[in-house]
Amino acid sequence: MITPRDFHTHTVYLKCANDTMTIPAMVAKAQELGIRQLGITDHLNTLEKLPLHEQIKADLLALENPGLDIWFGVELNFLGCDGDFAYNEQARDKMGYQFAVGGIHGTYCDTYDLKNIIDVQHRHHLATCRNPLVNVVVHPYWFGKGEFDRQDWPWFDSVRHVPEAYALELGQVAKETGTAVEINGSANLENESNPVGYVDEYVDYLAAVASTGCTFSLGSDAHDINRMRTALTALDVAERIGLTDDRVWTPKMPPLVPAKS
Ligand SMILES: [Zn+2]
Ligand SMILES: [Zn+2]
């Protein structure tokens, strides 16, 4: 049995998620879904956004006996191709972030070249794993449909385009660096842009990553309260690829807000 958990969620404060994503509503929804461990991970694309994250933390600290363990985290994005994250030890310590998830959020390509697009993704996945401040590499091979549509590129319709050697190298580097690979409910598993059959292929991809012995993180990546249930889809996939609870990541430190105070 894998404990139900969600370590990738967005809030109303950064305006990426909608106004259903307040901290009290998210906690109530997590309880309803049977989620036992929740991580809040809103975007930090520039350090100027830190004051908005302070509001998230204040709302978390105002919770009393939420009925589940809650950690305060952050989601990081690259500042450019092969760039850094807008993050450092000072920001972490100032804010008291307990963990960070991170990854690539664009192709960084000007022209359509599928091999190059995949190579860029793979390189950034490995760089994310090797960043000691990041605990989880998020949504491998998620792409924004809008970026493809704007340029009239063929959509990324199958993870079978990714060489198996890349899946294995991601798993190996994740294992070596102690980074968890995310199983993402909204971006990868329940993404309406994906064709029928995409998920079965994605599960095969994750199984190849898992064959290396690395750990995985479960996340909904919800930007709307009704998408938090996709953390349970991620849990189903974890069980489908044969993971046990000890292969599923949880922060090492105690929760910021324990189930009962
Ligand atoms: Zn993301
Ligand atoms: Zn996200």
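Modeller: Arg-229 is partly exposed, with a relative accessible area of 37%. This is a predicted model, in which local features need pLDDT of at least 70 and side-chain atom pairs count only at pLDDT 80 or more, while totals for chains, interfaces and linings use all residues. Residues are numbered from 1 along each chain as its sequence is written, chains are lettered from A and ligands numbered from 1 in the order in which they are written, and side-chain values use heavy atoms, with hydrogens and water left out.

Colleague: What makes Glu-190 and Arg-229 a salt bridge?

Modeller: The term needs a side-chain nitrogen of Lys or Arg within 4 Å of a carboxyl oxygen of Asp or Glu. The closest N and O atoms of this pair are 3.0 Å apart, so the pair qualifies. Glu-190 lies in the loop between helix H7 (185-189) and H8, and Arg-229 in the loop between strand S7 (216-219) and helix H9 (230-240), so the bridge ties together parts 39 residues apart in sequence. Helices (H or I, at least four residues) and strands (E, at least two) are DSSP runs, numbered from the N terminus.

Colleague: How many salt bridges does this rule give?

Modeller: The count comes to 11. One of them joins the side chains of Arg-123 and Asp-82 (2.8 Å, N to O). Arg-123 is in helix H4 (residues 114-130) and Asp-82 in the loop between strand S3 (69-77) and helix H3 (89-95), so parts 41 residues apart in sequence are tied together. Another joins Lys-145 and Asp-149 (3.0 Å, N to O). Both of these lie in helix H5 (residues 145-150), 4 residues apart, about one turn of the helix.

Colleague: How do you know that the span of H8 agrees with its length?

Modeller: The expected span of a helix is 1.5 Å times one less than its number of residues. For the 13 residues of H8 that gives 18 Å, and the end C-alpha atoms are 18 Å apart, so the two agree. Buried residues of H8 include Tyr-198, Tyr-202 and Leu-206.

Colleague: What makes the second largest pocket a pocket?

Modeller: On a 1 Å grid over the protein atoms alone, a cavity is a set of points where a 1.4 Å probe fits but cannot get out, whereas a pocket is an open set with protein on both sides within 12 Å along at least five of seven lines; lining residues have an atom within 4 Å of a point. The volume of this pocket, about 150 Å³, is the space filled by probe spheres set on the points, which are joined across faces, edges and corners. H8 gives the most to the lining, with 4 residues. Arg-160, Glu-201 and Asp-204 are among the lining residues, and a network of salt bridges links these three.

Colleague: What is the volume of the largest pocket?

Modeller: About 270 Å³. Of its 17 lining residues, the closest to the centre are Trp-142, Ser-186, Ala-187, His-223 and Arg-227.

Definitions and conventions:
Buried means under 20% relative accessible area, exposed over 50%, partly exposed in between (1.4 Å probe, protein chains only).
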